Structure formats: C-alpha cells, structure tokens
Amino acid sequence: MDPWLSMYDSTHQLAEEIMEKVIRRHVYLLNRENPVKINVTVRALMKRLHVSIGHLRDSLLTSVSTHQITQLEGDRRQNLMDELLTKQRQLQISFQCEGAEPDVIRSSLMSGGSAGYNPWVMEEPEETRGFGVGELRQQQQRMIAVQDAGLDALSSVIARQKQMGYDIGNELEEQNEIIDDLANLVENTDSKVRNQTRHVKLVDKKSGSCAMMVVIVLLLIAIVVVAVWPTK
C-alpha cells in the first residue's frame with residue numbers, strides 16, 4: 001500500500017478515536033462525572049493528530065512537486081486532507097477545555113470560580129444550544145444509534161465478504177479436483193495410446209515377415225516346377 005495512504009488511514013482512525021472520546025467526555029459532563037482523565041487523553045491525542053496531519057501535508061507537497069504522483073491523484077489526496085482538517089477543527093470546537101491541571105481545577109472550584117473559568121463546561125455548538133439535559137441525552141443517544149447502525153452495516157459487509165471468500169475457496173477446491181481428474185484421465189489415455197501404438201508396430205512387423213515368407217515359398221515352387229517340367 002502507498003505510504004501516504006497508509007499514513008492517512010492511521011490519521012483518520014486517530015481522528016475517529018478522538019471523536020469517540022470527546023463524545024464520552026460530553027456524557028461525563030451530562031452525568032456530572034469528573035472528566036479530568038479523559039481530558040488529558042484527548043489533549044495528547046489532539047497533539048498527535050496535529051503532528052500527523054502536518055506530516056501528511058508535507059509529504060503530499062513533496063509528492064506533487066517532484067511528480068511522484070499525477071495531478072489528479074494529488075487533487076484527490078488534497079480533498080482527503082481538507083476533510084481531515086475540517087474534522088480537526090470540529091474536534092477543536094467540540095473540545096474547548098484548555099489544559100487545566102487537577103490542581104488548577106481544585107483551586108478554581110475552591111474559589112467558587114471567581115476567575116470566571118469553569119473547566120467542567122465546554123462551549124456548546126449552535127445546533128444544541130438551548131437544549132435541556134433531556135434533549136442533550138436524546139441527541140447523544142441518536143448519535144450513538146447512528147454510530148451503531150454504521151458499525152452494524154460494516155459488520156454485515158465484512159460478513160458478506162467473509163462468506164464470499166469461503167465460497168471462492170470451495171469453488172477453487174472443486175475446480176482443483178476436476179483438474180486432477182482430467183490429468184489422471186489424460187495420463188491413462190496417453191498410456192493406452194502408447195500401448196496400442198506398440199501393438200500396431202508389432203503387428204506390422206509380423207505382417208512384413210509373413211509376406212516375405214510367402215514370396216520365398218512361391219519362388220521355391222517356381223524353381224521346382226521349372227526343374228521337373230518335361231523338355232521336348
């Protein structure tokens with residue numbers, strides 16, 4: 001597989017992993033649970049995503065400038081890059097908690113949030129602004145249901161491909177058995193043809209010998225007749 005495409009696949013999977021953790025963090029916030037650990041994890045993954053996208057961009061520029069790929073393929077990969085950058089911006093918007101460490105969080109909570117910073121709240125997107133807790137839960141459940149449906153569809157595709165692989169394997173085994181039978185039949189036929197050829201040659205040789213004997217006998221008879229024929 002092309003190294004750039006392989007790097008893109010791993011980066012896309014990383015973005016999906018971040019999205020899953022951001023959604024889980026949102027559930028924590030709805031349930032008023034402590035999301036500090038998942039915040040740290042998401043920040044680390046976001047840094048990895050930023051670095052990986054940078055490598056992809058630099059590698060794509062190098063490939064296009066040195067004509068390692070066609071312009072059409074370069075445009076296709078640039079579209080993939082644009083989608084990744086859009087997903088990265090969406091993740092950044094969804095995750096607005098700016099790196100407060102546990103000690104800072106505890107200080108903020110003990111001070112009653114006088115500095116105006118609340119690490120437990122992230123800015124809501126426009127489409128959910130104004131929703132109540134129940135509506136947010138329903139929104140989250142719909143998102144999870146969509147993901148589950150996608151996973152079910154993917155599982156069905158994989159199952160069909162697996163069954164197709166089994167069917168192709170069985171078909172190949174049957175074809176191999178037929179080929180083996182044909183090979184045995186050809187070998188047996190060839191052996192019979194060789195035997196019949198030897199038999200025909202032997203008969204032909206014997207026929208030639210018999211004809212020679214007949215000629216010799218006729219010559220002897222002619223000699224005898226001439227010898228005993230009365231002369232005038």
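Author: Start with Glu 20 and Arg 24, whose side chains meet in a salt bridge (3.3 Å, N to O). A salt bridge here is a side-chain nitrogen of Lys or Arg within 4 Å of a carboxyl oxygen of Asp or Glu. This is a predicted model, so local features need pLDDT of at least 70 and side-chain atom pairs pLDDT 80 or more, while totals for chains, interfaces and linings use all residues. Residues are numbered from 1 along each chain as its sequence is written, and side-chain values use heavy atoms, leaving out hydrogens and water.

Reader: How are Glu 20 and Arg 24 separated in helix H1?

Author: They are four residues apart, about one helical turn. Helices are DSSP runs (H or I, at least four residues), numbered from the N terminus.

Reader: OK, how many salt bridges does a search of the whole structure find?

Author: Five. One of them joins the side chains of Asp 2 and Arg 77 (3.3 Å, N to O). Asp 2 lies in the segment before helix H1 (3-30) and Arg 77 in helix H3 (residues 71-94), so the pair ties together parts 75 residues apart in sequence.

Reader: And is Arg 77 buried or exposed?

Author: Arg 77 counts as buried, at 4% relative accessibility. Asp 2 is partly exposed, at 30%.

Technical notes: Helices (H or I, at least four residues) and strands (E, at least two) are DSSP runs, numbered from the N terminus. Buried means under 20% relative accessible area, exposed over 50%, partly exposed in between (1.4 Å probe, protein chains only).
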